[in-house]
Amino acid sequence: VTKVATCKEDGVTTFTCTLCGEIKSEPIARTTNHTWNDGNVTKVATCKEDGVTTFTCTICGETKTEPIARMKEHSWDEGKVTKKATEKNEGEMTFTCTVCGATKTEPIPKLTPTKPTQKPGDVDGDGELSSGDARLALRASVGLEKDIVKGSAAYLAADADGDGEVTSGDARLILRASVGLEDASQFGKKS
């Protein structure tokens with residue numbers, strides 16, 4: 001083979017006589033097989049339409065296309081609250097595909113009922129002033145109550161003297177009020 005056949009041109013095979021050295025050539029018919037490149041995406045597949053990949057023969061420049069199957073997944077936006085959740089009912093969030101406009105909804109869980117504001121001194125929130133409240137305030141003052149953190153309802157209730165900090169002094173006031181030696185209605189008011 002002195003010239004390889006391609007998709008663009010015929011090839012040539014050359015024969016040489018082993019006795020006299022005469023040379024003759026015969027054509028090799030052009031091949032129908034192209035040498036395709038890796039292809040380029042010329043149209044991106046979306047949830048709405050198929051895409052297209054275009055391949056080009058690196059020898060003759062002929063092109064062919066192959067479809068890329070439409071995507072099964074949508075491109076959802078951030079969503080909008082279309083029904084607010086309440087303590088009694090779930091809400092609803094609606095998402096829209098940014099490509100085709102399809103929509104889907106997802107529930108928003110019901111809101112957690114809020115506790116009424118705890119009264120000063122009622123650290124456990126049970127509605128009663130007791131030695132248990134004083135104990136919780138004392139433990140919170142030394143960091144042993146991990147759920148009673150600054151700003152929480154329990155922390156505000158434990159701050160009997162209203163100075164913004166829970167200390168052993170607050171626990172003492174709560175204990176005294178639980179046995180009638182302090183006026184709990186004055187808790188939380190700075191003197």
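Me: Before we start, contact here means heavy atoms within 4.5 Å. With that in mind, what is Thr13 in contact with, leaving aside its neighbours within four places in sequence?

Reply: Thr13 is in contact with Val1, Thr2, Lys24, Ser25, Glu26 and Ile28. This is a predicted model, where local features need pLDDT of at least 70, side-chain atom pairs count only at pLDDT 80 or more, and totals for chains, interfaces and linings use all residues. Residues are numbered from 1 along each chain as its sequence is written, and side-chain values use heavy atoms, with hydrogens and water left out.

Me: Why is Thr13 called buried?

Reply: Buried means under 20% relative accessible area, exposed over 50%, and partly exposed in between (1.4 Å probe, protein chains only). Thr13 has a relative accessible area of 17%, so Thr13 counts as buried. Its place is in strand β1; strands (E, at least two residues) and helices (H or I, at least four) are DSSP runs, numbered from the N terminus.

Me: And what makes Val4 exposed?

Reply: Its relative accessible area is 61%, so Val4 is exposed. Val4 lies in the segment before β1 (11-16).

Me: How do you know that α1 and α3 are roughly antiparallel?

Reply: Angles under 35 degrees count as roughly parallel, over 145 as roughly antiparallel, 65 to 115 as roughly perpendicular and the rest as oblique. Axes are lines fitted to C-alpha atoms, for helices over the stretch in contact, with angles from 0 to 180 degrees between N-to-C directions. The axes of α1 (residues 131-141) and α3 (residues 168-178) come within 8 Å and cross at roughly 180°. The two helices are therefore roughly antiparallel to each other.
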